[in-house]
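Subject: The model you asked about

Hi,

Here is the structure, with some notes on what turned up in it. Have it open while you read.

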Amino acid sequence: QVQLVESGGGLVQPGGSLRLSCAASGSFFSIYDMGWHRQVPGKQRELVAGVSSGGNPNYADSVKGRFTISRDNAKNTVYLQMGSLKPEDTAVYYCHSRVKLEAAGDFYLYWGQGTQVAVSS
């Protein structure tokens, strides 16, 4: 099995910055895509940013130019550097990882437990 453990959430003022981290651990063959979603009560979870195993990023339009996603394959960790934060960025942020448990096996999608980000003055 695979565990994803997030850290770095908290309360920040508008215009501020936060860095989220998500480390994968457990027994697996390889990690492929990694990324972050967010969710506010009453709304669907939405993709914030993703990064391929080769390091190619993609972003939601709402965060382009403000957020940067990166990964450290040696540490099985994905990061989300969030800048110029706005109140509408307030949400629970979940990391995800697409993993193969065995070389010839299927892909599985795992989720972290979520970390709260609150942007408020």
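One definition before the rest: buried means under 20% relative accessible area, exposed means over 50%, and partly exposed is what lies in between. Ser-84 is a handy example, since its 44% relative accessibility makes this residue count as partly exposed. Please keep in mind that this is a predicted model.

Ser-84 also has a backbone angle to look at. Its phi is positive, about 45 degrees, although the residue is not a glycine. Most residues other than glycine have a negative phi. You'll find Ser-84 in the loop between E8 and E9. Asn-76 is another such case, with phi near 50 degrees, a positive value in a residue other than glycine. Asn-76 sits in the loop between E7 and E8, and at 25% relative accessibility it counts as partly exposed.

Now for the charges. How many salt bridges does a search of the whole structure find? The count is 5.

One of them joins Arg-38 to Asp-89, with the closest N and O atoms 3.0 Å apart. Arg-38 belongs to strand E4 while Asp-89 is in the loop between strand E8 (77-82) and E9, so the pair ties together parts that are 51 residues apart in sequence. Are these two buried or exposed? Arg-38 is buried, because its relative accessible area is 7% and the cut-off for buried is under 20%. Asp-89 is buried too, with a relative accessible area of 0%. The pair is part of a network of salt bridges that links Arg-38, Glu-46, Arg-66 and Asp-89.

Arg-98 and Asp-33 form another bridge, again with 3.0 Å between the closest N and O atoms. This pair links distant parts of the chain: Arg-98 is in strand E9 (residues 91-100) and Asp-33 in strand E4 (residues 30-39), 65 residues apart. Arg-98 counts as partly exposed at 28% relative accessibility, and so does Asp-33 at 30%.

Then there is the bridge between the side chains of Asp-61 and Lys-64, at 3.1 Å from N to O. Both Asp-61 and Lys-64 are exposed.

On to the rings. Arg-98 comes up again here, as it lies over the face of Phe-107, 4.4 Å from the ring centre. Phe-107 is partly exposed, at 40% relative accessibility.

Tyr-32 is in strand E4 and Phe-107 in strand E10 (residues 107-111), which puts them 75 residues apart.

Last, the inside. Which residues of the largest nonpolar core touch the most other members? They are Trp-36, Val-48, Phe-67, Leu-80, Met-82 and Tyr-93, out of 28 residues in that core. Strands that each supply at least two residues of this core include E1 (2-7), E3 (18-26), E5 (46-51), E7 (67-72) and E11 (115-119).

Leaving aside neighbours within four places in sequence, its contacts include Trp-36, Val-48, Phe-67, Leu-80 and Met-82. Arg-38, from the salt-bridge network, is also among the contacts of Tyr-93.

Cheers

Terms used: Residues numbered from 1 in each chain as written. Predicted model: local features only at pLDDT ≥ 70, side-chain atom pairs only at ≥ 80, totals over all residues. Heavy atoms only, no water. Salt bridge = Lys/Arg side-chain N within 4 Å of Asp/Glu carboxyl O. Helix = DSSP H or I, 4+ residues; strand = E, 2+ residues; numbered from the N terminus. Buried < 20%, exposed > 50% of the residue type's maximum accessible area, 1.4 Å probe, protein only. Core = buried A, V, L, I, M, F, W, Y, C linked by side-chain atoms within 4.5 Å. Contact = heavy atoms within 4.5 Å. Lys NZ or Arg CZ within 6 Å of the ring centre and 35° of its normal.
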